[in-house]
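Take a look at the model first, and then we'll go through the terms together.

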Amino acid sequence: MAQAPESLELLSNDTTDKSLDRDCTTLSRHVLQQLQSFSPDAQDLSALMTRIALAGKLIARRLSRAGLMEGVLGFTGDVNVQGESVKKMDVYANDVFISVFKQSGLVCRLASEEMEKPYYIPENCPIGRYSLLYDPIDGSSNTDTNLSLGSIFAVRKQEGTDLNGEAADLLSVGRKQIAAGYILYGPSTMLIYTIGKGVHSFTLDPSLGEFILTEENIRIPNHGSVYSVNEGNFWQWDESIREYIRYVHRTEGYTARYSGAMVSDIHRILLQGGVFLYPGILPKPEGKLRLLYESAPLALVIEQAGGRATTGHMDILDVMPTKLHQRTPLIIGSPKDVAKVESFIQNGH
Ligand code: AHG
Ligand code: MN
Ligand code: MN
C-alpha cells in the first residue's frame, strides 16, 4: 500500500489555520498586556484601539470587493481642503472612522485630511477625553489600480475644555501623541501600533475577523539599502537633496522603492531598513505631507522602533504646528540613513 508522501503531511500542516496554532493574542488583549493594568485609562486605550481596528476591517472589506461593486472607485468630483481631488474611498473611509467612534464615549473630536475643521461628536464630548487625528486613505492614487493603501492614525488626550470649539490644543507637538500607527491594506491587512512601549504588528485574519499579533517589539535595522522618494521631483528639490540622490546613485548597495503610498513604503523600511523622503519642492518648501495625521504618527512609530524622523533640521515630533493641516518635509527611517540625508542638508555632503 502506498504510504502518504511526507509532502502531503506538510501540505495539510501548511493549510492548517496558523492563527489557531498560536497564542492568538488579539489587539485589545495586547494593549491591556502592554499597560499591565485594567485601570480606566488602560481600558480606554484598549477600546480606542479596538474601534480603530474596526474601522480598518470595514475599509479592508470594502477595498477587497471594490472592483465588484458600483460606486466604490473613482473620484467624487470634489476637491478637499488640501486642493486635491477627492476619491469615493477617501469619503467612505473618512466617514467610517467617524461612525466607529459615535456613541463610544471616547472621542469628542476627530481631525482628518478630508475635513477642513475638526468633527465633533457632541454626545461624546462631555466624557470623551480623546481626539483622533487620521488620514483615512493614504496613497489615494493607488485606489483605482488595486495597489497598496493605508490609513494613518494618532490619538491625543484632550487638553482643556475646548468650550469655544476651536480645538486649539490639537496644535501641539507629536510627543503628545499617546497612541499612533497605521493600517496597511496589502495582500493582507495589517495594523501596526505603538502606545509608547515599542511597535507591534497585527495581521487581520479574515476568517476570525480579528487582528492577531504577528510581531512584537519590532526594531528597525540601523541601515538598509532602500531609498524611497519621488525622483520625478528631482529638479524641484533643493540642491542638497539632489546631491544626496547623486550620492546613492553612484554608491553601491542602494536600491529605489516607491509605491505612491508612504504607509507601504515606510512599512517596508520599518521591517528591512532604509529611508523614505518627501522633501520640500521649489513651489512648496514645506513639502506635501501633513504633520498632524501623516508625519507625526509615523514618526512616533519609527522612533519607537529605534529609527528617526526629521524635517532635515529638527525632529518631526518636536515640530509645533500653527495650523491643523500644516505640511512638513519628512525624512524618516533607519538612523544611519536618516543621518546621511541630514548631513547632506546641513553640511552639503
Ligand atoms: P494621500 O493619498 O493621503 O494624499 O497621501 C499620499 C502621499 C503619500 O502617501 C505618498 O507617498 C505621496 O503622497 C505621494 O505623492 P507623490 O505622488 O507626489 O509622490
Ligand atoms: Mn496620506
Ligand atoms: Mn489621504
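Q: What makes the crossing of α7 and α8 right-handed or left-handed?
A: A crossing is left-handed if the near helix is turned anticlockwise from the far one by less than a right angle, and right-handed if clockwise. The crossing of α7 and α8 in this predicted model is right-handed. Helices here are DSSP runs of H or I with at least four residues, numbered from the N terminus.

Q: Why is α7 called roughly parallel to α8?
A: The axes of α7 (residues 262-272) and α8 (residues 291-304) cross at roughly 15° and come within 12 Å. Axes are lines fitted to C-alpha atoms over the stretch in contact, with angles from 0 to 180 degrees between N-to-C directions. Angles under 35 degrees count as roughly parallel, so α7 is roughly parallel to α8.

Q: How do you know that Asp135 is buried or exposed?
A: Buried means under 20% relative accessible area and exposed over 50%, with partly exposed in between (1.4 Å probe, protein chains only). Asp135 has 0%, so Asp135 is buried. Ile137 has 2%, so Ile137 is buried too.

Q: What makes a residue a donor of the manganese ion (ligand 3)?
A: Donors are N, O and S atoms within 2.8 Å of the metal (3.2 Å for Na, K and Ca). Glu113 (OE), Asp135 (OD) and Ile137 (O) lie 2.1 to 2.2 Å from this ion, and they are its protein donors. Asp135 also coordinates the manganese ion (ligand 2), 3.7 Å from ligand 3.

Definitions and conventions: Residues numbered from 1 in each chain as written. Chains lettered and ligands numbered in written order. Predicted model: local features only at pLDDT ≥ 70, side-chain atom pairs only at ≥ 80, totals over all residues. Heavy atoms only, no water. Helix = DSSP H or I, 4+ residues; strand = E, 2+ residues; numbered from the N terminus. Parallel < 35°, antiparallel > 145°, perpendicular 65-115°, else oblique.
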